[in-house]
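Colleague: I'm new to this one, could you walk me through it? I'd like to begin with the ligand and then move on to the salt bridges.

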Amino acid sequence: MKPQTTLVHAGDRRRLGSYIPVSTPIFSSSSFFYESIGELADVFAERQPGQTYARMGNPTSEGLEDLTKALEGGSCAFATASGMGAVHLALMAGLLDRRPAIVAADVLYGGTLELLRSVMPRTGIEVRFCDFCDLEGVQRAADEVGPSVLLVETLSNPCLRVADLDKIRDIATAHNALMLVDNTFTPLLIRPFDHGADMVIHSATKYLAGHGDVLAGVVVAQEEHREALRHSQRCLGGNIGPFEAFLVMRGMKTLALRMRQHCSNARKVFEALRDHPAVERLIYPGDPAHPDAATVAALMPAGQAGGAVGIDVKGGIPGAYRFVDKLRLVKTSASIGDMTTLALHPSTATHRMLSQEERDAIGVTDGLVRLSVGGEHIDDILADLRQALETQ
Ligand SMILES: Cc1ncc(COP(=O)(O)O)c(C=O)c1O
């Protein structure tokens with residue numbers, strides 16, 4: 001079945017009495033009962049399928065888990081209350097019974113960086129950051145640290161670098177480490193399991209849900225990680241709620257249509273603004289001159305390089321602020337993946353906790369504005385961007 005069809009049909013369509021609902025209902029019950037205590041005991045002991053208590057499982061979130069499993073081609077999935085909940089769950093499950101050491105990409109979503117910089121190390125977990133596009137550097141870091149987990153994002157946020165997942169897999173294998181891949185920016189475009197990922201993470205808040213109306217996450221994994229994830233999920237308790245699971249499922253029915261439009265619009269933004277006099281640098285993974293162009297060509301479908309574009313506006317922070325404040329159709333927002341085109345200034349928002357030197361080292365410049373290109377008509381998006389750049 002083609003992915004577009006899977007996304008419309010996969011998920012929970014359980015028989016309720018004599019009928020089967022076409023759309024997964026919201027099961028807002030926190031616990032479930034049976035005609036006899038013996039039956040409940042059988043369900044608890046997994047001698048019989050069923051539900052007991054919503055933190056252990058809920059039919060709506062299980063529907064979403066089936067759907068995301070089908071999307072990524074994994075064996076199991078665990079839906080969480082946010083993308084950060086998914087990052088946390090994956091890391092905790094990945095470290096169970098293993099050396100508490102992580103090698104992570106130095107360019108990641110700000111919240112993930114914060115978790116790895118200011119929470120994990122204070123619990124005794126060693127974290128080493130390095131540039132995942134410099135494979136020798138990753139090899140060196142892995143040799144020195146002996147990690148249990150390597151963590152990377154498919155399109156790094158916000159600089160849109162693309163690491164060679166197959167080569168990272170080789171390094172992980174040589175160290176008996178797991179490869180965890182955050183695929184939030186590239187659902188349908190990159191399939192990390194095809195490149196040896198052990199777990200795939202999504203902030204479902206973004207493209208999966210797609211409408212800017214829900215906070216959610218999911219970890220999809222290979223079979224051998226099922227028990228570690230299931231046990232950790234039940235103990236950590238960061239489960240998704242049924243209403244949120246419903247919204248993500250509803251959004252995902254149109255994921256394939258939306259991704260096509262995001263990709264096409266982002267490409268047109270790149271083509272229209274690449275030589276604009278107010279733009280210092282345009283970052284777009286589909287740019288033939290992008291530093292990772294060869295990896296992009298190997299990992300992503302031709303002509304579909306995601307919906308994100310980085311516009312490095314001339315004039316540093318004042319220049320970036322003038323540009324963003326002039327935008328009318330495009331909204332200033334910390335999110336991505338909505339139908340609405342969104343703009344963010346990472347150096348004073350998601351990446352403000354880094355020092356100037358750290359930001360310079362990873363390319364988060366003062367003038368950089370991250371654009372999540374939405375699903376509006378391209379003429380309207382371009383008209384807004386052009387009028388805002390005119391005053392530069
Ligand atoms: C790549 C990536 N991973 C994880 C997260 C965290 O997701 P959430 O905000 O849903 O917790 C984000 C949020 O922007 C993200 O961009």
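Modeller: One convention before we start: Ala, Val, Leu, Ile, Met, Phe, Trp, Tyr, Cys and Pro count as nonpolar, Asp, Glu, Lys and Arg count as charged, and the others, Gly among them, count as polar. Please also keep in mind that this is a predicted model.

Colleague: Okay, how do the residues of the shell around the ligand divide, then?

Modeller: The shell is made up of five nonpolar, six polar and three charged residues.

Colleague: And which residues are the closest to the ligand?

Modeller: Of the 14 residues that surround the ligand, the closest are Gly 83, Asp 182, Ser 203, Thr 205 and Lys 206.

Colleague: Which atom of the ligand does Asp 182 sit by?

Modeller: A polar side-chain atom of Asp 182 lies 2.6 Å from a nitrogen atom of the ligand. With Lys 206, an N or O atom in the side chain is 2.7 Å from an oxygen atom of the ligand, while Gly 83 uses a backbone N or O atom, which lies 2.8 Å from a ligand oxygen.

Colleague: How much of the ligand's accessible area does the protein cover?

Modeller: On its own the ligand has 390 Å² of accessible area, and the protein covers 93% of that.

Colleague: Switching topic, how many salt bridges are there in the whole structure?

Modeller: A search of the whole structure finds 15. One of them joins Glu 62 and Arg 14, whose closest N and O atoms are 2.8 Å apart.

Colleague: What about Arg 169 and Asp 198, are they buried or exposed?

Modeller: Both Arg 169 and Asp 198 are buried, and their side chains meet in a salt bridge with an N to O distance of 2.7 Å. Because Arg 169 lies in helix α7 (residues 165-174) and Asp 198 lies in the loop between β5 (178-182) and β6 (199-203), the pair links parts that are 29 residues apart in sequence.

How values were computed. Residues numbered from 1 in each chain as written. Predicted model: local features only at pLDDT ≥ 70, side-chain atom pairs only at ≥ 80, totals over all residues. Heavy atoms only, no water. Near = heavy atom within 4 Å. Polar contact = N/O pair within 3.5 Å; in protein donor to acceptor, adjacent residues only side chain to side chain. Areas by Shrake-Rupley, 256 points an atom, 1.4 Å probe, with all protein chains shown as cover. Salt bridge = Lys/Arg side-chain N within 4 Å of Asp/Glu carboxyl O. Helix = DSSP H or I, 4+ residues; strand = E, 2+ residues; numbered from the N terminus. Buried < 20%, exposed > 50% of the residue type's maximum accessible area, 1.4 Å probe, protein only.
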